[in-house]
Amino acid sequence: MIVLLALGVGLALAWPSRPRPFWPPIRSLGAENQRPERDGWVRDGRLPVVGLAGVLALAVSPLLGLAVLALVVARPRLAARRAAARYRWAVVDAVPEAADLLALSVAGGLTVPLALVAAARWSPPPVGEVLERAGGEIGLGRPTAEVLEGLAESLGPPAQPLVDVLLASERYGVPLGDSLDRVAREARLERRRRGEERARRVPVLLLFPLVLCVLPAFAFLTVVPLLVGSLPDLPP
């Protein structure tokens, strides 16, 4: 009981280092060396929490204390990694629709800045939010090429082909129609590969509940009653 109590206290004290919301904050396009929203143990209050949790756990068990400290230290980093991966795959899922909307806007006679504004209204997040901010910054007078470079930085590698096509049109006058169609097709293939990869992971993920929950429950409901029923027939 004491060990479980100490572990519960340590996890409760580690609550300030819980994972943050799904979407990371969208930086201003083109901003460099921007400090994160919570960029230090002292600033976000994690250091005293980690120290107090470790002391309480160490008072009960050295191994438990080390485990609590490791959990509190590693959990925010793992959560940030998972959030970054989810953000990247969300961009992969949204790029095909964004490319189609940009192609329709350009085919309707809009320039690249106006096409960004039009596509931002209907593009899925997080691409739509970033496109909306890009259109706003272009409206404030920033050069379109500079804003597009910041667009690639904000969305990451999955959106790089789309940004390259827009930059080529803005700088060299390359036609956008066929290029955007090609980008949309390639993005759909990437999204399909990602879906197939996730589908292949399902059997592996199901092993944990199968081995630890289903099989023990099956054994308990089938084998244990037979053993209990045969106990009176056993010789003394």
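Where helix 6 meets helix 7, Thr144, Ala145, Leu148, Glu149, Leu151 and Ala152 of helix 6 are in contact with Gln160, Val163, Leu166, Leu167, Glu170 and Arg171 of helix 7; contact means heavy atoms within 4.5 Å. By class, these residues divide into seven nonpolar, two polar and three charged. Here Ala, Val, Leu, Ile, Met, Phe, Trp, Tyr, Cys and Pro count as nonpolar, Asp, Glu, Lys and Arg as charged, and the others, Gly among them, as polar.

This is a predicted model, in which local features need pLDDT of at least 70 and side-chain atom pairs count only at pLDDT 80 or more, while totals for chains, interfaces and linings use all residues. Residues are numbered from 1 along each chain as its sequence is written, and side-chain values use heavy atoms, with hydrogens and water left out.

Two packed helices are described by the angle between their axes and the distance between the axes. The axes are lines fitted to C-alpha atoms over the stretch in contact, and angles run from 0 to 180 degrees between N-to-C directions.

| Helix pair | Angle | Axis distance |
|---|---|---|
| Helix 6 (residues 144-155) and helix 7 (residues 160-172) | about 175° | 9 Å |
| Helix 7 and helix 8 | about 175° | 10 Å |

Helix 7 is therefore roughly antiparallel to helix 8, a label for angles over 145 degrees. Helix 6 and helix 7 are likewise roughly antiparallel to each other. In the contact of helix 7 with helix 8, Pro161, Leu162 and Val165 come from helix 7, and Ser179, Leu180, Arg182 and Val183 from helix 8. That contact has five nonpolar, one polar and one charged residues.

The largest nonpolar core holds 35 residues, and Leu102, Leu116, Leu131, Leu151 and Leu155 have the most contacts inside it. Such a core is a set of buried Ala, Val, Leu, Ile, Met, Phe, Trp, Tyr and Cys residues joined through side-chain atoms within 4.5 Å, where buried means under 20% relative accessible area with a 1.4 Å probe, protein chains only. Helix 3 (62-107) gives the largest share of this core, eight residues. Leaving aside neighbours within four places in sequence, Leu102 is in contact with Ala115, Leu116, Ala119, Leu162, Leu166 and Leu180.

Finally, the whole chain: there are eight helices and zero strands, taken as DSSP runs (H or I, at least four residues, for helices; E, at least two, for strands) numbered from the N terminus. Of the 236 residues, 31% count as buried.

Definitions and conventions. Angles under 35 degrees count as roughly parallel, over 145 as roughly antiparallel, 65 to 115 as roughly perpendicular and the rest as oblique. Buried means under 20% relative accessible area, exposed over 50%, partly exposed in between (1.4 Å probe, protein chains only).
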